[in-house]
Amino acid sequence: MANTKDRIAVGEAVGIVAAQSIGEPGTQMTMRTFHYAGVAEQVPTGLPRLIELVDARKEPKKPFMDIYLESSAANDEKKAKKVAAALECVLLEQIASVNEDFEGKSIKIQADANELGLLSVDINDVRAKVKELISPGTVECRENTITAKPKVNTLRALRRFTNKIKQLQVKGVEGVRRSIVIKDKNEFFIRTAGSNILGVKDIEGIDFKRVYTNDVKEVERVFGIEAARNALVHELDQVLTSQRLFVDIRHIMLLADAMTMDGAITSIGRHGLAGQKAGVLARAAYEETIKHLVNAATKAEEDMLIGVTENIIVGQTVPIGTGLVKLRMKL
Amino acid sequence: MIVTKMIDKIKFSLFSPEMVRKMSVVKITVPDTYNDDSYPIDGGLVDPRMGVIDPGLKDKTSGGKAGTSPGHFGHIELVRPVIHPEFSKMMLHVLQNTSPFSKQLLWNEEQVEKIRKDALENPDMEVKIKLKRPTHCPHTGEKLPEIKLLKPTTFYKNKEIMLPTEIREWLAGVSDEDIKLLGIDPEYSRPEWAVLTCLLVPPVSVRPSITLETGDRSEDDLTHKLVDIMRINQRLEANINAGAPQLIIEDLWELLQYHITTYFNNETANIPPARHRSGRPLKTLAARLKGKEGRFRYNLSGKRVNFSARTVVSPDPLISIDEVGVPLEIAEEMTVPMYVSSWNMDYCKKFISSDVYPRAEYVIRPDSRRVRVSELTRQEVLDTLAVGSIVERQLIDGDTVLFNRQPSLHRISIMCHSVKVLPGKTLRLNPIVCAPYNADFDGDEMNLHVIQSEEAKVEAEMLMKVHGQIISPRHGHAIIKPQEDYVTGGFFITRSEAIFGKDEACQILASAGITRLPAPDKKDNWSGRILFSMLLPKELNCTIKSKFRRKMPDGSEHPDNEIIIKNGIMLSGGLDDKAADEVLERIIHLKGTEAGREFLDRAGKMELHAITMIGFSVSLANYSLDATNSKHIDKLQDTMRREIESVITQYKNKTLERLPGRTLKETLEDKIMDITSKTRNAGGNVVEKAMGTDNTSIIMARIGARGSILNAIQMAAMVGQQAIRNKRPNRGYSGRVLPHYKRGDKGADAKGFVFNSFRKGLSATEFFQHSMGGRESLVNTAIRTARSGYMQRRLINALQDMIVMPDYSVRDSSLSFVQFVYGGDKVDPMMANSKKHTS
């Protein structure tokens, strides 16, 4: 804990200071996207990523995971590559040609033997999956050709099944578009394009405790709000430090705490924190002026003048810092 | 300041027609403004009972003159009711949830009870009725009509247009109880009040007319709109009285609705905006409030002020960092109030009796009468000056002012300085305080605000004085610090080579205001370090690694590579920018901010004096390479060409190995980009080696004074690869960037590699490629400022009410917890590094 000299002053407008401390370096940030070696995706950093975090988007533009291996395999590149290959999501259409036979009302799946071997996919597994998909239809399998006969009457329904079969996931983890092995300082780890924490939970050989994702909303879904808050702090800090901009962690924590204070990740803009403030005048002065005034009138709302903006508008002392102190005198 | 009255709260509501009539001082009956003698018409839209704006006329209600009375409201009696367009959604809500037959809610007892419970549990929540609308009225059993709203104001009942009269009757029939359950407060906002029967007319001062040079009057947009409303209203009345057919009446009624809709909001969707004769859309009520230039953001959240000055800024390294040089012309124009007491009576009289600067401009007598001090009144003012008067005197040295440069991105964009009146026409500031303002002197202007009360002065001095802001709250490190030439100066004083004779040593010390000469430490001479140490406090002890690492001729570490300060004496070292910052931060944490200011003032002057004395500059020679090194660079570029050629051949032969997750084409580009950046880095090594550690441009780059090694490379060796969106340029003509290249040429030249250095000069094609890269970065900067500005506005709006409470928790304005303990440790980020520096 802080000794008296270093202690924050009571009444200090820490919110404004935090907002300024995070916002001011924004002008100095690059708009560049960062190119992670190998992952064929430009992961946004700098200002676009900062805006993405603050907006609390449902999913980041480019979600990714860093998956570390169990300590026994940490230095085994071969093993790492094997695990990485197991993660990549393969759709049936990537390894097979899927064609309808409209006359026979059936779908012919011609798997590429080469690809099958390369990805070590068992055609019988595929058959089982197809069968499950089209049940109560029937499935026939001859060598690398599967003929599926779903119970359909119309060609349109048949086409629907074809599309479903094409998108059938035959291998890997859903959502993981690509995975590559990267050598860290002292161990190998896997970086994936696309994020799915629960999907990799039971993959053998990985150290699940160290799985990292840049998808804050996913962290919230899987681990809860406290974890999401920490993820948010970490991600915000990463964005700023990667640009060599130094912002005290306390400002970042305050922002993350504000965004998670009501138990769900709330964005900063007009649909989030700034738009649900207590005062009518504060909301009207921010954005959507008319909407807020009309709603306030129908509900006969009262503005208790407790915020900064409201008091500036009516020309009173702002209840922050020295403005918080009151002295009553008999005149 | 003594506050005797405070606004407790503000309630928003709808006006009932009765309320409007009660408030109104005049019923508008004439759709016109002035008569032929340009005198306001009684019962017209600028009736003097609503207030006046012309000087000489009197407000007929309160008797006030123009400028003193805010004016009074009037009203227009509408012949037929009209829907308020902004509230049509609220009306729809009521119409859809009540029965037109029984005027009761469409829900049975049980459902109503549930809604009531929901509303009680979440009083702040919008009442949302999730139940399905029944097909028949539960009270009368009749079939319910389908109610639809065609925005903005047309209601349909089973595809039949509903007239406002019908709507008003329906809404008026719904009981207060039911209205409450629909989330509307019936006491203050009955829904039928949103169907206007009586229109409130704002006072004249809200819509002042302007007199043009020709003497013609030009009315405000609102007045124009009100005239339109009045005209249609009267025509409608005449037609009704004449018994015109229903069709004509309804047409006029609709026209009246249009005018009222646009009167409230001329940007209503699906409605053509009402236009001025010139074709310009009128600016009506909603537009006046909305957006950046609207009432809220332009006039209420930000206000224009008096006692302020603005002009160009220029540097003055001789004034203190907490001073600001104010031109005499400005000092003469601006005033500071002095409260006369028995103790400063004589002091005040001195200003009053003077007729040259600094003199008193006005005296405000205890009866708050303001008297201008002039030749004529001077003697009388002097004789009658009493305790309790306020003397407004001109600005003098030592007065407290606030100094600001826009954009005010953080709190240190406004700081408190003390005035120093100087000749000239610019505001002067010490270049050391440029950083927090982000100011330079290429024509920047800054604002100055003179503080007008003792309370404000104390507050500004305690919270906003420059020396209190040396450490930034953003990261706890110094933000007000010597930069550029100061850093170079600091390095040249403190490095081992700096040895001065007696007269030089005396000059350097005197420049910093030190009059005591320490004992010589280099035989009869003084090392620069011993001179610099005179500025350091005795308690200072630290060891810092220097950024500028040198080797001795024998290959061992140069002693200056480590900066050692023991008991305030600097033993070794060459201060670079980071080391100088740390010294400054340590001094502040040891001895306080006032000591920090003094150190900055003195060290700054000493560093500038030293660098002026020693002499420091860069020339073309700094950036020229000798023949061997030039050849080396050429060789590097040849190798690069060959390497690129070989990857391209591999690509064309399809023997290039594809990188995981990339296409073949992308792989090729990746590889080439790798080669080009490798080449430039190799060129960098050549340049660094060739220039050595004595080259001034290298020294500047290494100690962090200005520029980087990359700048030196680009000037001396080669400019390197130009990139657009992180890729080599590829657009322009089909298959090539410029017609100078072959189609499909993927070589370095054709794709934006600049072989020449800035010193040698770029070829025409290189120049073109380089300017493409330059354009991109200009565009990016423009976009970035806009985007980050909006982000910061949102951040501030979201976090502005959060403060530290007496229990060190952080709460927002509704007192909800944001953090239980600020930062988890109660530490002020400004002091985040103090522990490290003082232990």
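Trainee: What do the buried residues of α18(B) pack against?
Mentor: In this predicted model, their partners are α15 (485–494), β21 (542–545), β22 (562–566), α19, α22 (696–703) and α25 of chain B.

Trainee: And what makes α18(B) largely enclosed by the rest of the structure?
Mentor: Count its residues: eleven of the 15 are buried, so α18(B) is largely enclosed. The buried set runs from B:Asp577 through B:Ala579, B:Ala580, B:Glu582, B:Val583, B:Leu584, B:Glu585, B:Arg586, B:Ile587 and B:Ile588 to B:His589. To be called buried, a residue needs 20 or more other C-beta atoms within 10 Å of its own.

Trainee: Where is B:Leu608 placed, and why is B:Leu608 called buried rather than exposed?
Mentor: B:Leu608 belongs to helix α19 (residues 593–614) of chain B. The cut-off for buried is 20 or more other C-beta atoms within 10 Å. B:Leu608 has 21 of them, so it is buried.

Trainee: Which residues is B:Leu608 in contact with, leaving aside its neighbours within four places in sequence?
Mentor: Those contacts are B:Pro317, B:Asp485, B:Tyr486 and B:Gly489. Take B:Pro317: 291 residues in sequence separate it from B:Leu608, yet the C-alpha atoms of the pair are 8.5 Å apart.

Trainee: Let me try the opposite case. Why is B:Glu187 called exposed?
Mentor: B:Glu187 has 11, so it qualifies as exposed. This residue sits in the loop between α5 (176–181) and β6 (195–201) of chain B. As for B:Asn299, it is 112 residues from B:Glu187 in sequence and 32 Å away, C-alpha to C-alpha.

Trainee: Stepping back, what makes chain B more spread out than a compact globule?
Mentor: First the inventory: chain B has 25 helices and 28 strands. Its radius of gyration is 38 Å, whereas the globule rule gives 28 Å for 839 residues; the value is well over the rule, so chain B is more spread out than a compact globule. The C-alpha trace spans about 115 × 100 × 65 Å along the principal axes. Buried residues account for 36% of the chain.

Trainee: How far apart are the C-alpha centres of domain 1 of chain B and domain 4 of chain B?
Mentor: They are 71 Å apart. The assignment places domain 1 at residues 85–194 and domain 4 at 620–778.

Trainee: Which element of chain B gives the most to the side that touches chain A?
Mentor: In total, 77 residues of chain B are in contact with 80 residues of chain A. Helix α24(B) gives the most, with 14 residues. Sorted by class, that side of chain B has 35 nonpolar, 23 polar and 19 charged residues.

Trainee: How do you know that strand β13 (residues 302–303) of chain A and β1(B) count as paired?
Mentor: Pairing needs at least two bridges between the strands. These strands have two, in the antiparallel sense. Here A:Asp303 stands opposite B:Ile10.

Conventions:
Residues numbered from 1 in each chain as written. Chains lettered and ligands numbered in written order. Predicted model: local features only at pLDDT ≥ 70, side-chain atom pairs only at ≥ 80, totals over all residues. Helix = DSSP H or I, 4+ residues; strand = E, 2+ residues; numbered from the N terminus. Rg over C-alpha atoms; globule rule 2.2 N^0.38 Å. Buried ≥ 20, exposed ≤ 12 C-beta atoms within 10 Å, placed from the backbone. Contact = placed C-beta atoms within 7 Å. Nonpolar A, V, L, I, M, F, W, Y, C, P; charged D, E, K, R; others polar. Domains from an automatic or database assignment.
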